Amino acid sequence: MGSLLECNSREDVRAAVDEAYPQAKPGTRANFAGQLWALRHGIKPGDLIVMPLKSDGQIAIGTCTAGYAYDAGEPDRSRRHYIAVTWTPERMSRSVFKDDLLNTINGAMTVFKATRNNAEFRLRAVQDQGSDPGLLGVPARPVPSPAERAEERELDESGLLDPAPAPTIEAIRDTIRTRIVENFSGHKLTGLVADILTALGYICTVSPAGPDGGVDILAGSGPLGLDSPTLVVEVKSEPTPVKTQVARGLQGAVSSNQADQGLLVAWGGINSAAKREFSQQRTRMAFWDADDVLDKLFEVYPQLPDVTKAALPLKLVWVLDGEPAAV
């Protein structure tokens with residue numbers, strides 16, 4: 001597609017799409033036209049932009065600072081259409097978002113407008129405060145103006161207003177992530193991590209709930225759990241990223257307990273400064289975020305205790321790559 005700057009209506013964009021993709025199915029061309037028109041006309045400066053990242057599963061949030069533009073000199077043809085966005089410095093873990101908002105983010109379209117469950121208010125709260133306030137207790141969505149209602153009707157007719165979530169692997173992982181938040185909150189997450197480490201071959205001693213001096217789990221190999229590698233584990237169940245102080249506290253706990261290695265399990269991830277701390281200690285220190293916990297959980301699930309599997313019942317489903325899983 002060339003520049004859309006001369007396209008002043010959805011029909012203009014559809015004509016350009018028809019010319020560029022004459023062999024495509026009518027439904028495909030209609031979808032292309034709707035999403036391109038949304039990019040060309042729908043996104044305005046000040047709008048909130050939410051972009052799930054395939055690279056690490058996190059979510060980037062930013063604010064549009066300038067609308068649609070076209071750069072004919074960009075060597076990568078797929079990057080010639082663009083809008084200007086100022087991104088929030090820290091990416092957000094998917095664990096920050098409650099299940100209904102994740103379902104919205106998992107919409108089947110690449111470009112769409114989210115309004116269901118007061119999505120904009122809650123996403124702005126995540127951008128400003130780092131947490132999703134949830135649906136309860138937030139103000140009702142303001143009544144759209146006549147112009148906004150007309151725009152939303154057009155988006156709805158194009159399938160670009162609150163599309164149904166796609167049954168992707170990521171959407172399935174989000175559902176499991178939410179179940180863990182519901183059933184393994186607080187110190188219970190420490191117990192789940194201990195079950196996973198036990199299935200991986202460690203013998204674990206779990207500290208009781210309450211202040212633990214930076215040691216939630218002491219783990220080791222051998223019949224008594226005293227053989228190397230010995231491991232100090234700190235578990236943080238908060239949905240927001242932890243900071244460098246936690247990483248440094250774990251380093252101190254590893255030294256004071258004369259352990260070989262340290263593991264920080266931070267459900268909401270760690271901020272960029274803490275990541276630098278871990279990159280400098282990668283032979284002795286590691287961290288898991290929510291997605292790492294899920295990966296390890298799936299790896300050892302058959303070996304977990306029955307009571308844990310009862311609280312988190314999963315089944316294995318094989319599908320062809322590219323085909324949605326029925327769940």
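Colleague: Which residues of helix 6 are buried?

Modeller: Buried means under 20% relative accessible area, exposed over 50%, and partly exposed in between, with a 1.4 Å probe and protein chains only. In helix 6 the buried residues are A171, R173, D174, I176, R177, T178 and I180. This is a predicted model, where local features need pLDDT of at least 70, side-chain atom pairs count only at pLDDT 80 or more, and totals for chains, interfaces and linings use all residues. Residues are numbered from 1 along each chain as its sequence is written, and side-chain values use heavy atoms, leaving out hydrogens and water.

Colleague: What covers the buried residues of helix 6?

Modeller: The cover includes helix 3, helix 7 (187-199) and helix 10 (290-300). Helices (H or I, at least four residues) and strands (E, at least two) are DSSP runs, numbered from the N terminus.

Colleague: How many residues has helix 6, and what does it reach?

Modeller: The expected span is 1.5 Å times one less than the number of residues. Helix 6 (residues 169-183) has 15 residues and reaches 21 Å from first C-alpha to last, close to the 21 Å expected.

Colleague: How do I describe two packed helices?

Modeller: Two packed helices are described by the angle and the distance between their axes. Axes are lines fitted to C-alpha atoms, for helices over the stretch in contact, with angles from 0 to 180 degrees between N-to-C directions. The axes of helix 6 and helix 10 come within 11 Å and cross at roughly 95 degrees. The two are therefore roughly perpendicular. Angles of 65 to 115 degrees count as roughly perpendicular, under 35 as roughly parallel, over 145 as roughly antiparallel, and the rest as oblique.

Colleague: Which residues of helix 6 and helix 10 meet?

Modeller: Contact means heavy atoms within 4.5 Å. E170, R173, I176, R177 and I180 of helix 6 meet A290, D291, L294, D295, L297 and F298 of helix 10. By class, this contact has six nonpolar, no polar and five charged residues. Ala, Val, Leu, Ile, Met, Phe, Trp, Tyr, Cys and Pro count as nonpolar, Asp, Glu, Lys and Arg as charged, and the others, Gly among them, as polar.

Colleague: And where do helix 1 and helix 2 stand?

Modeller: The axes of helix 1 (residues 10-20) and helix 2 (residues 26-42) come within 9 Å and cross at roughly 130 degrees. That makes helix 1 oblique to helix 2. Their contact has eight nonpolar, one polar and four charged residues.

Colleague: Is D162 buried or exposed? And Q258, buried or exposed?

Modeller: D162 counts as buried because its relative accessibility is 13%. D162 sits in the loop between helix 5 (146-157) and helix 6. Q258 is exposed, at 70%. Q258 lies in the loop between helix 8 (244-256) and strand 7 (261-266).

Colleague: What does N106 contact?

Modeller: Beyond its neighbours within four places in sequence, N106 touches R94, P165, A166, A171 and D174. N106 lies in the loop between helix 3 (99-105) and helix 4 (119-129). N106 is buried, at 10% relative accessibility.
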